[in-house]
Amino acid sequence: MDDVDRKILAELQRDGRQTLTELAERVRLSVSPCHRRLRALERSGAITGYHAALNAPALGLGFEALVFVTMRYEDRQTVAAFETAVAEIPHVLQAQRLFGDPDYLLRVVTSDLEAYRRLYDDRLASLPGVQRLSSTLVMANLVEARPLPL
């Protein structure tokens, strides 16, 4: 990956909807070489997709919690079952496996506290292998969806 590839990636992080012609102009390439580089970046896995940034509160999902999960059992089968079950919960936006304690960090959004309570009671508390859940409510998002430093 060279400086031109990094410029392409930075431009796409800034505006993923720009046309190929606009992208080529911004990185100072003609369209064909820009297109070849873009396809190579996609094939290499450096670009994994193109997405719209949505405003959760505007869509009725203004309640956010961070859930720390401590596992009771950490054998492969239990961990796999837990991770599969978490991946099937649409309100879990991010799930990270951690070193140390706790074992996982989940980022969860719902419409309000009552919806979160139902999700917690009905889905999160019954996840395979869970010993303890600890929730922290998000007061404000200060940095969100920041572009990767290239």
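**Exercise 1. Which residues have the most contacts inside the largest nonpolar core, and how many residues does this core have?**

Solution. Bear in mind that the model is predicted.

Step 1. Count the members: the largest nonpolar core has 20 residues.

Step 2. Pick out the best connected. Val-67, Val-69, Phe-82, Leu-106, Leu-124 and Leu-127 have the most contacts inside this core.

Step 3. Assign the core to elements. At least two residues each come from S1, helix H4 (76-87), S3, H5 and strand S4 (130-137). S1 supplies the largest share, five residues.

Step 4. Look for a further core.

Step 5. In soluble globular proteins, nonpolar side chains tend to be buried together.

**Exercise 2. List the contacts of Leu-124, leaving aside its neighbours within four places in sequence.**

Solution. Apply the contact cut-off, heavy atoms within 4.5 Å. Leu-124 then touches Val-67, Ile-89, Val-92, Leu-106, Tyr-116, Leu-119, Val-130 and Leu-133.

**Exercise 3. Describe the aromatic pair formed by Phe-63 and Tyr-116.**

Solution. 

Step 1. Count the pairs: there are three aromatic pairs.

Step 2. Take the geometry of Phe-63 and Tyr-116. Their centres are 5.7 Å apart, with 40° between the planes. Planes under 30 degrees apart count as stacked and over 60 as edge-to-face, so the rest are tilted. This pair is tilted.

Step 3. Phe-63 sits in strand S1 and Tyr-116 in helix H5 (residues 113-124). They are 53 residues apart, and the pair links distant parts of the chain.

Step 4. Check burial. Phe-63 counts as buried because its relative accessibility is 14%. Tyr-116 is also buried, at 6%.

Step 5. Ring pairs join Phe-63, Tyr-116 and Tyr-120 into a cluster.

**Exercise 4. Characterise the largest pocket and the second largest pocket.**

Solution. 

Step 1. Start with the largest pocket. Its space comes to about 1400 Å³. It is lined by 38 residues, of which His-51, Ala-52, Ala-53, Ala-145 and Arg-146 are the closest to its centre.

Step 2. Find the elements behind this lining. Helix H1 (3-14), strand S1 (63-71), strand S2 (92-97) and strand S3 (104-110) give two or more residues. H1 gives the most, four.

Step 3. Sort the lining of the largest pocket: 22 nonpolar, nine polar and seven charged residues.

Step 4. Turn to the second largest pocket, with a volume of about 170 Å³. Its lining includes Glu-64, Leu-66, Gln-94 and Arg-107. The lining divides into four nonpolar, two polar and three charged residues.

Conventions: Residues numbered from 1 in each chain as written. Predicted model: local features only at pLDDT ≥ 70, side-chain atom pairs only at ≥ 80, totals over all residues. Heavy atoms only, no water. 1 Å grid on protein atoms, 1.4 Å probe; cavity = no way out; pocket = protein on both sides within 12 Å on 5 of 7 lines; lining within 4 Å. Points joined across faces, edges and corners; volume = space filled by probe spheres on them. Nonpolar A, V, L, I, M, F, W, Y, C, P; charged D, E, K, R; others polar. Phe/Tyr/Trp six-rings, centres within 6.5 Å; stacked < 30°, edge-to-face > 60°. Buried < 20%, exposed > 50% of the residue type's maximum accessible area, 1.4 Å probe, protein only. Core = buried A, V, L, I, M, F, W, Y, C linked by side-chain atoms within 4.5 Å.
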